[in-house]
Amino acid sequence: MKKNLVILVVIIFVGLILTYFNFSSSFNNVEKNKIIEREVEQKYIDLASHFNYMYFPVIGVENIIDGSFDSTFFKDGILILLSNSGCNPCQVNELKNLKDIHNKYNDRLKIMALYVSYCEKIEAIRLKKISTFNLPIYCHNGDKISDRFLIKPFPKVFYIKDQKIISTLIPITNNNSFSEKFYRGIDNYLKEK
């Protein structure tokens, strides 16, 4: 009986030690993941800041559905650049976010989605349908924009005022909180005006 009690105490003790190390390891992994997430966000912020204060060219663009024309002239607005080499989940998510901000500020902002880099209308239509984006998506086949603004295969969202890029978002896949911070910043800026 005494021997069984000693074995039971040893088993409980070993179990407690293993539980402690498992908990400690899990806690350390959570902290490491938070550090990695902050580093990734900072990398994207640094990459996006490269575009801030650049002039965005005024060019003619074509509506992928009806062929009508518009231009990339922005007094005050938001532009998303889409491409066939972009992150499709990011593009769909950002189109949904743009739809939300359009619903809130459609009287004050010009919102435009522009498919560049050898526009494939079928792909642009697919993105429009998947994201339920109810605004036109425009197309531009020239290299003037794609060479300068699509240096990485991710969508880019620009807040543009008087043709100057004020703020840039390069979304992080599976991290909508990063995008939410960007739109919250624009929302706060517009509320102050």
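Predicted model: local features only at pLDDT ≥ 70, side-chain atom pairs only at ≥ 80, totals over all residues.
Residues are numbered from 1 along each chain as its sequence is written, and side-chain values use heavy atoms, with hydrogens and water left out. Local features need pLDDT of at least 70 and side-chain atom pairs count only at pLDDT 80 or more, while totals for chains, interfaces and linings use all residues.

**View 1. Leu95 sits in helix H2, residues 88-105.** Helices here are DSSP runs (H or I, at least four residues), numbered from the N terminus. Leaving aside residues up to four places away in sequence, Leu95 touches Ile80, Leu82, Ala113, Leu127, Ser131, Phe133 and Ile137; contact means heavy atoms within 4.5 Å. Look also for Lys128: its C-alpha lies 7.9 Å from that of Leu95, although the two are 33 residues apart in sequence.

**View 2. Helix H2 meets helix H3, residues 121-131.** The two axes, which are lines fitted to C-alpha atoms over the stretch in contact, come within 9 Å and cross at roughly 55°. Angles run from 0 to 180 degrees between N-to-C directions. H2 and H3 are therefore oblique to each other (oblique covers what is left after under 35 degrees for roughly parallel, over 145 for roughly antiparallel and 65 to 115 for roughly perpendicular). H2 passes H3 in a right-handed crossing, meaning that the near helix is turned clockwise from the far one by less than a right angle. On the H2 side you will find Asn88, Gln91, Val92, Leu95, Lys96 and Lys99, which meet Glu123, Arg126, Leu127, Ile130 and Ser131 of H3. By class, this contact of H2 with H3 has four nonpolar, three polar and four charged residues (Ala, Val, Leu, Ile, Met, Phe, Trp, Tyr, Cys and Pro count as nonpolar, Asp, Glu, Lys and Arg as charged, and the others, Gly among them, as polar).

**View 3. Helix H2 packs with helix H5.** Here the axes are 11 Å apart, at an angle of about 20°, and H2 and H5 are therefore roughly parallel to each other. H2 passes H5 in a right-handed crossing. Asn93, Glu94, Asn97, Leu98, Ile101, Lys104 and Tyr105 in H2 meet a set of H5 residues including Tyr183, Ile186 and Leu190. The contact of H2 with H5 has six nonpolar, four polar and four charged residues.

**View 4. Gly185 belongs to helix H5, residues 176-192.** With a relative accessible area of 37%, Gly185 is partly exposed (between the buried limit and the exposed one, over 50%).

Key: Helix = DSSP H or I, 4+ residues; strand = E, 2+ residues; numbered from the N terminus. Buried < 20%, exposed > 50% of the residue type's maximum accessible area, 1.4 Å probe, protein only.
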